[in-house]
Amino acid sequence: MKFFPLIFSLAQICLMAGAAQAQAPLPEAGIPLPGEFLPPPPAVEGLEFQRDQAIFWQTRAERDSDRWRQAIYDAADEKHLEDLYLAAFGLKINTRRTPATLALLRFVDQYLAASINSAKDQYKRIRPFAFFNMSGKTCTPYDEVWLSWNGAYPSGHSARGWGRALVLAELS
């Protein structure tokens, strides 16, 4: 299991964090380094990269569809964290009803960001819209300047989604 170190680290951090310590600084040790468990992204000249390109072009056909609107919503996950896991978790996560859970998720996000950003810095994978010089044609045009220099691999949204889901599953 390639992701076992990350899952194990998340479990450790959840046990250590506790609601009262959710705003505490991250521990220096224990953040998994990407080279320890994450393979490099596909090489530009490889078949996997060609598959990635094909998927990118398929997603361009979704523009203005319901799926595209869902991608816009999903990309802004921090803005609506309260409702993001309502269907799966059966509970609104907010400062009024579930302050400890929300604080824990924010702490997990911080922890994940440290590892994800380390991997992004290591691999420096260019985002497809920048690779194809297609500014203004993403579901988040307002973020394209920042995204054009922030690596595409690994996916921060995917890692946060999985990390949060693991924590919520454990809590449930």
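How many residues apart in helix α8 are Trp 146 and Trp 149, and about how many helical turns separate them? The two are three residues apart in helix α8, so about one helical turn separates them.

These legends describe a predicted model, in which local features need pLDDT of at least 70, side-chain atom pairs count only at pLDDT 80 or more, and totals for chains, interfaces and linings use all residues. Residues are numbered from 1 along each chain as its sequence is written, and side-chain values use heavy atoms, leaving out hydrogens and water.

**View 1. The whole chain has nine helices and zero strands.** Helices (H or I, at least four residues) and strands (E, at least two) are DSSP runs, numbered from the N terminus. Of the 172 residues, 34% count as buried. Buried means under 20% relative accessible area, exposed over 50%, and partly exposed in between (1.4 Å probe, protein chains only). Take contacts (heavy atoms within 4.5 Å). Among those between residues at least 6 apart in sequence, 74% join residues at least 24 apart.

**View 2. Confidence is lowest in helix α1 and highest in helix α2.** The predictor's confidence in each residue is pLDDT, from 0 to 100. Helix α1 (residues 4-17) has a mean of 48. Helix α2 (residues 47-60) has a mean of 92. Over residues 11-22 the pLDDT is below 50. Beyond near neighbours in sequence, this stretch has 18 contacts in the model. Where pLDDT is low, the predicted coordinates should not be read in detail. The chain mean is 80, and 81% of residues reach 70 or more.

**View 3. Phe 56 and Phe 132 form a stacked pair.** The whole structure holds seven aromatic pairs. Rings of Phe, Tyr and Trp (its six-membered ring) pair if their centres lie within 6.5 Å; planes under 30 degrees apart count as stacked, over 60 as edge-to-face and the rest as tilted. Here the centres are 5.4 Å apart and the planes lie at 15 degrees, so the pair is stacked. Phe 56 is in helix α2, while Phe 132 is in the loop between α7 (128-131) and α8 (144-149), 76 residues apart. Phe 56 is buried, at 7% relative accessible area. Phe 132 is partly exposed, at 24%.

View 4. Trp 146 counts as partly exposed, at 41% relative accessibility. Trp 149 counts as exposed, at 61%.

**View 5. Ring pairs build a cluster.** They link Phe 49, Phe 56, Trp 57, Phe 131 and Phe 132.
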